[in-house]
Amino acid sequence: MALAKILWVDDEIESLQSQKLFLENKGYEVTTLTNGYDALDYVKDNIVDVVLLDETMPGITGLETLAKIKELHQQLPVVLITKNETENLMDDAIGSQISDYLIKPVNPSQVLLSLKKIIDNRRLVAEKTTSAYQQEFRNLFMALNSSPNYNEWMDLYKKLVYWELEMEKSDSPEMREVFQAQKNEANTEFFKFISRNYASWVNPKSADAPIMSHTLFRYKVLPHIEKGRPLFVALIDNLRYDQWKAVQPIFAESFRIQEEETFYSILPTATQYARNAVFAGMMPVDIEKHFPAQWKNDDEEGGKNLHEEELLKAQLKRLHKGELKFSYTKVTNHQDGQKLVDNIHNLLQNDINVIVYNFVDMLSHARTEMEVLKELASDEASYRSITASWFEHSPLHQALKKIAEKQVTVIVATDHGSVRVKTPCKVIGDKQTTTNLRYKHGRNLNYEPKEVLAFRDPREAGLPVPTVNSSFIFAKEDGYLCYPNNYSYYANYYKNTFQHGGVSIEEMIVPVVRMTNK
């Protein structure tokens, strides 16, 4: 069986017979033609895997032939063979989407390597990915079992995301299964780690704690304010680290990435708690104490994130940055996005500009309710892909591109991530119990202790006590909390949806990235 069908077009093809034989001996099927017109007729009527195309031929040139081939078959790989190394010819050829180019005289091994690169690339990459992960598997396994600290957990999660993205190149379902099992094991260990350490991190007396939501501005934003260099903070709601990796190349076109780090979202990993903590620079129990009029508990009516600007202003004042000129923009629909694009130049007058962008969170909620989005974002890979596609065409990207030429610093961060839930867990509570699937608080909660992280006294977790004797519970790994009435309906309805509020690496370890203009 031939490896692939090659069309070689060269007006001096007679002198290349030995090369043709060499490729045929390697298993390729090679058809030769002497001019561009014949090549176009041939490509119209025959299956071809790769075209080897001479640049200088009588009749129509190689570049003209290339343009016409691409009109017929845009995806068909073409290797341009040229005597000419001039830069503008290369630019023309690369601009016309050639897959490779070779300089005459070509030797057989060069041609073979080029074909291998084009035809076997996917297979070779898949094989290499699989074998590299097999080697790394053991290292990750050892790292998971050597009781990592909070910094090591952040490194581990970055590695897991790296391999998750690499696995997309592998066509081995078995390896993906092995990887998924390893990621699940990581979440099991991470849950134990958080259960043991979380209360000590949020204790105000604790000296040893990771950067978390309520210390994000103090340590990761404010130190980067420079006179005459506006700082833009884009807080994209519910952006996981793997989704950041999907949009990173789009940012990298306009900005130079200086620092790519992660931090820990507080619990519950939900907008109302984590984002208010980011802007207030305080844990929720302290926000409630110092801003009683602004804080609302889950069971109270009204918007829960309506006072972020006030909270931020108070935090800046508390950290002796009250003199800074700052703006706060919240984008929750396309119209807001367009306003941001139109207004972004005016923001260059400020020291710091905060933009809260609410798309990814809306996407995860809409995906739960809309069949069409379940299809489009059926798993992590497609969820990442949709996020990247959204960002590329979003007003946020347009707005940032408009200031990419200016002397600016941009920080991209989020409030929390999300996890795809698969395991329903029964919880019994009274009427006051909250409806969230990844965390609940209320009195008289009944649950299986092994399935959740529970705080009988919410203050231990830095949380307000909504009603006397109210406790908080957080779902672990890929669990989601359902009530016994209508249990099987809810268990089915929410299975495989992206949720947040609980304890998982994906929800808690989230990106904070600093970049500057190029």
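**Close-up views of a predicted model**

**View 1. K450 and E448 pair up in a salt bridge.** At 61% relative accessibility, K450 counts as exposed. This close-up, like the others here, comes from a predicted model. The closest N and O atoms of K450 and E448 are 3.6 Å apart. Elsewhere, salt bridges with shared partners link E164, E168, K183, R240, D242, R384 and E506 into one network. The count for the model comes to 27 salt bridges.

**View 2. Within helix 1, E24 reaches K20 about one helical turn away.** Their side chains meet in a salt bridge, with an N to O distance of 3.3 Å. The two residues are separated by about one turn because they sit four residues apart in helix 1, which covers residues 17–25. How do the two partners compare in burial, each being buried, partly exposed or exposed? E24 counts as partly exposed at 31% relative accessibility, whereas K20 is buried, with a relative accessible area of 18%.

**View 3. K104 and D54 form a salt bridge between a loop and a strand.** Here the N to O distance is 3.2 Å. K104 lies in the loop between strand 5 (100–103) and helix 5 (108–119), and D54 belongs to strand 3 (residues 50–54), so the pair ties together parts that are 50 residues apart in sequence. Both K104 and D54 are buried.

**View 4. K440 is a buried lysine with no salt bridge.** Look for K440 in strand 13, which spans residues 439–442. Where is the nearest side chain of opposite charge? That side chain belongs to D298, 9.6 Å away. A salt bridge needs the nitrogen within 4 Å of a carboxyl oxygen.

**View 5. F137, F141, M142 and V178 make a nonpolar surface patch.** The patch has an area of about 320 Å². Helix 6 (residues 121–144) gives the most to this patch, with three residues. F137 is found in helix 6, and this phenylalanine is partly exposed, with a relative accessible area of 30%.

**View 6. The largest nonpolar core has 109 residues.** Which residues have the most contacts inside this core? They are W153, F190, I194, Y198, F217 and Y264. Helix 8 (residues 173–202) gives the most to the core, contributing 10 residues.

Conventions: Residues numbered from 1 in each chain as written. Predicted model: local features only at pLDDT ≥ 70, side-chain atom pairs only at ≥ 80, totals over all residues. Heavy atoms only, no water. Patch = residues over 30% accessible without salt bridge, like charges linked within 9 Å, V, L, I, M, F, W, Y side chains within 5 Å. Areas by Shrake-Rupley, 256 points an atom, 1.4 Å probe, with all protein chains shown as cover. Buried < 20%, exposed > 50% of the residue type's maximum accessible area, 1.4 Å probe, protein only. Core = buried A, V, L, I, M, F, W, Y, C linked by side-chain atoms within 4.5 Å. Lys, Arg positive; Asp, Glu negative; His and termini not counted.
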